[in-house]
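Subject: Structure handover

Hi,

Here is the structure I promised you. Please open it alongside this note. My findings follow below.

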Amino acid sequence: GSLALAGDLLPQAVKGVAFAAHGLANGLEAIVSNTYGHEAGKEISFLETVTLIALLIAFATRVAAKMQTNLFARTHSYYLLLKPCAESEALQAMDDHGVVESAGGRSLVAALTTAFRACISERREGNNGSEAHELKVEALLEAFQSLKIIGEAIGPLMGLSVKNDESNVQKVRRVVARHDSGRVPTIRALLEAEKASGVHRPGALLADPSAAMALLWMRRTMQYYIGVMLGAVDASHSLSSKCRTAYASILEPYHGWLLKNTFNMVLSAVPSRDEFIARLAPGVKPKHVRRAVCFGDIHECVPLMEEVVAILQQLFEELDLEDKRKS
């Protein structure tokens, strides 16, 4: 009954949103025309299309979330219908120390832990005599690519951001391909070689595209995802609120008008904490076990990600590559 009612109301609601977007854009065009002239008003008219698309995407995402028809939930539901017995007894177990185990391992976050641990190499002596870690280029790129599970768990509107992350990985790989891979096995060696080529300007003004610019945004993405993951295990506020806080402190200072508005649309469709966790641990039941498994994996993964971020931050500051311009 609910699905049928939603099916009847959805076309009318979409028409209403479209009508509102059309009126908003026309009103803006009229204001600009009266203030700056007819030509300026015509130039602003493209906002009608942009506003309409944004509102429709946000509305459709909200409806899908309310109806619980997201891809993750549906896929898992069918999986359970097909295999209700074979795995139901193996989905949870608790050892003598109270550590929860799940069938087939843990949540999807466990793979992130393995990936980020693999990209940190042995210790070396730092410039000031202290010990430091190196980051392996290919292992870091693979670890970063595996982070897309966090973006996908936040929701479909993160798709554009995930694609941009993949583009940054390819930018780094193209720079690596121009060097003998044996000469740039670490992120330090790669950044030093690129800087020595003279592509960047003094004062941390990075060339774009470049490995340094791509890695800078990859690091910021890692920092944002750390904030999201920590927000998932902190029940003091909603996950949406935690995501907004993380965005405001990490990404927003470097986003221009377009990126800010795009991300605000993403943040308006952040799922509930339970839904986010279900997407990260789709094969674990019941809910309290899923939470325990996922939270444990997050607490194990985040320190490794923070270590990678700290190494990158120190390296960028040392090489004068910390470009703080807005994108």
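A residue is called buried when its relative accessible area is under 20%, exposed when that area is over 50%, and partly exposed in between. By that rule, both arginine 279 and glutamate 275 are buried. Bear in mind that this is a predicted model.

**Overall picture**

The protein has 327 residues, and 40% of them count as buried. It contains 14 helices and 4 strands. The accessible surface is about 17,500 Å². Carbon and sulfur atoms contribute 58% of that surface. Take the contacts with a sequence separation of 6 or more: 71% of them link residues 24 or more positions apart.

**Helices α13 and α14**

How are these two helices placed? In general, two packed helices are described by the angle between their axes and the distance between the axes. Here, the axes of α13 and α14 come within 10 Å and cross at roughly 70°. An angle of 65 to 115 degrees counts as roughly perpendicular, so α13 and α14 are roughly perpendicular to each other.

Which residues make the contact? On the α13 side they are Arg273, Asp274, Ile277, Ala278 and Leu280. On the α14 side they are Lys287, Arg290, Arg291, Cys294 and Phe295. By class, the contact has 5 nonpolar and 5 charged residues, with no polar ones.

A salt bridge also joins the side chains of arginine 291 and aspartate 274, at 2.8 Å from N to O. Arginine 291 lies in α14 and aspartate 274 in α13, so the pair ties together parts that are 17 residues apart in sequence. Arginine 291 has a relative accessible area of 27%, so it counts as partly exposed. Aspartate 274 is partly exposed too, with a relative accessible area of 27%.

**The loop between them**

α13 covers residues 273-280, and α14 covers 287-318. Glycine 283 lies in the loop between them. Is glycine 283 buried or partly exposed? Its relative accessibility is 33%, so it counts as partly exposed. Serine 107 is 176 residues from glycine 283 in sequence. In space, their C-alpha atoms are 8.0 Å apart.

**Salt bridges**

How many salt bridges does a search of the whole structure find? The count is 14. Besides the pair described above, these deserve a look:

- Arginine 279 and glutamate 275: their side chains meet in a salt bridge at 3.1 Å, N to O. The two are 4 residues apart in helix α13, which means a separation of about one helical turn.
- Arginine 188 and glutamate 192: their side chains meet in a salt bridge at 3.4 Å, N to O. Both lie in helix α9 (residues 187-196), 4 residues apart, about one turn of the helix. Arginine 188 has a relative accessible area of 13%, so it is buried. Glutamate 192 is at 37% relative accessibility and so counts as partly exposed.

**Where to start**

I would begin with the crossing of α13 and α14. Then look at the bridge between arginine 291 and aspartate 274.

Best wishes

Technical notes
Residues numbered from 1 in each chain as written. Predicted model: local features only at pLDDT ≥ 70, side-chain atom pairs only at ≥ 80, totals over all residues. Heavy atoms only, no water. Buried < 20%, exposed > 50% of the residue type's maximum accessible area, 1.4 Å probe, protein only. Salt bridge = Lys/Arg side-chain N within 4 Å of Asp/Glu carboxyl O. Axes fitted to C-alpha atoms, helices over the stretch in contact; angles between N-to-C directions. Parallel < 35°, antiparallel > 145°, perpendicular 65-115°, else oblique. Contact = heavy atoms within 4.5 Å. Nonpolar A, V, L, I, M, F, W, Y, C, P; charged D, E, K, R; others polar. Areas by Shrake-Rupley, 256 points an atom, 1.4 Å probe, with all protein chains shown as cover.
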